[in-house]
Amino acid sequence: MSGYKVVYGPVPSRRLGRSLGVGPIPFKTCDYSCVYCQLGRTTHMTIERKDFFPPQAILKEIEQAIEVDEHWIDFVTFVGEGEPTLCRSIGWLIRKTKEITDIPIAVDTNGSLLYLADVRADISEADIVMPSLDAGTAGTFRKINRPHRELDFEAVVRGMEKFRREYSGEIWMEVMLVKGLNDTGEELEAIKSILERIEPDRTYLNVPIRPPAEPWAVPPDKETIALADAILSEVNTVEITTEETGEFSTRGFTSPEEAIMAILRRHPMREEQVIATLKRLKQSNIEDCLARLYESGRIKRVSYRNNLFWVTVEERRGKGKGKGKGKGKGKGKPGGGGR
Ligand code: SF4
């Protein structure tokens, strides 16, 4: 069985190809609790930066994973199961990773802490930073991202602006569209005005494609997505992201069940992705393996937009159309939780 605790993958990423994920913080430790988060509701809401795991141990895992898989990895991505900039040593980890490999480094962040000078300095050596901007107004910010009470929307936006002025790498902005929350012409115009201030290199328009924290967090209709595309494209090129299709790495795992659990803890998978992964692990009886995990109460099946997904039951989700009967805290309704 893999001994990795914070490093996983490479996993197929919608924007980065094969991404080695580094999650330097514990599950659902975040300063937001986004309605669309694919990891469920935030269980540890905090804005306090600290080392949740020993930095040396994280670096060791990164070194080991790169040694085994270097030719397979397109990006080392600091992402996590919450907000990675809450890790106080993220800057040190990025610098040390750069010393051991030429693989580019990305940081997938909600961008909320960029108002802090030390966070801006810490991630300044990454090649790509991918912050989120899902709202154009403070009211929508509260509704969609449900931030820590000490976070102020205008301060968050000013932090992103400052980062743009100081940082020489690429900023790929992510906008998640949720039906009825941030998809009106007025809200989209407000988001556009903020993007004009931040001047990202690219903007990605996302919609919830995996089971969200709240089952009502669904994509807008096609016409509304086209409207959003038209409005935001006035700032710079907008790409609408779609589902990834690549393989999930199972390297280092000898137990198929642990491999599936390790992936699902960070990333809900469509049923066909779980089956394809088990086949690659030469699992002769896939149904038995899934049944064992299901009966143990560790995973459950969730229906979302006509697709069946497997998710872990550690997370807390709003009540929805969950079909599983997991025994954990989750009640059955993504990362970097959807970002
Ligand atoms: S989507 Fe990202 S920022 Fe939002 S709650 Fe999930 S982990 Fe936190």
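## A buried threonine in a loop

Helices (H or I, at least four residues) and strands (E, at least two) are DSSP runs, numbered from the N terminus. Thr109 has a relative accessibility of 1%, so this residue counts as buried. Here buried means under 20% relative accessible area, exposed over 50%, and partly exposed in between (1.4 Å probe, protein chains only). A polar atom of the Thr109 side chain lies 2.8 Å from the backbone nitrogen of Gly111.

A word on the model: it is predicted, with local features needing pLDDT of at least 70 and side-chain atom pairs counting only at pLDDT 80 or more, while totals for chains, interfaces and linings use all residues. Residues are numbered from 1 along each chain as its sequence is written, and side-chain values use heavy atoms, with hydrogens and water left out.

## Two nonpolar cores

The largest nonpolar core has 69 residues. Such a core is a set of buried Ala, Val, Leu, Ile, Met, Phe, Trp, Tyr and Cys residues joined through side-chain atoms within 4.5 Å. The residues with the most contacts inside this core are Tyr36, Val76, Phe78, Ile94, Val107, Ile123 and Leu232.

To picture one of them, look at Ile123. Leaving aside neighbours within four places in sequence, Ile123 is in contact with Thr85, Ile90, Ile94, Val107, Leu114, Val129, Phe163 and Tyr167; contact means heavy atoms within 4.5 Å.

## Helix H10 and its covering

Ile286 also belongs to helix H10 (residues 286-295), whose buried residues are Ile286, Cys289, Leu290 and Leu293. Seen down the axis of H10, these buried residues fall within an arc of 95°, so they line one face of the helix. The arc is that of the directions from the helix axis to the C-beta atoms. An α-helix has 3.6 residues a turn, so residues three or four places apart point the same way.

What covers this buried face? The covering of the buried residues of H10 includes helix H8 (256-264), helix H9 (271-280), strand S12 (299-304) and strand S13 (307-312). Just after H10, Gly297 takes a positive phi of about 80°.

## Salt bridges across the sequence

The structure holds 18 salt bridges, each being a side-chain nitrogen of Lys or Arg within 4 Å of a carboxyl oxygen of Asp or Glu. One of them joins Arg197 and Glu154, with the closest N and O atoms 2.7 Å apart. This pair links distant parts of the chain, as Arg197 is in helix H6 (residues 185-198) and Glu154 in helix H5 (residues 153-166), 43 residues apart. Arg197 is partly exposed at 30% relative accessible area, and Glu154 is partly exposed at 31%. Both take part in a network of salt bridges that links Glu154, Arg158, Glu161 and Arg197.

Glu199 forms a salt bridge with Arg165, the closest N and O atoms being 3.9 Å apart. Glu199 lies in the loop between H6 and strand S9 (202-206) and Arg165 in helix H5, so this bridge ties together parts 34 residues apart in sequence. Lys192 and Glu234 also meet through their side chains in a salt bridge (2.7 Å, N to O). Lys192 is in helix H6 and Glu234 in the loop between helix H7 (222-232) and strand S10 (238-240), so the pair ties together parts that are 42 residues apart in sequence. Lys192 is buried, with a relative accessible area of 11%, whereas Glu234 is exposed at 52%.

Definitions and conventions
Polar contact = N/O pair within 3.5 Å; in protein donor to acceptor, adjacent residues only side chain to side chain.
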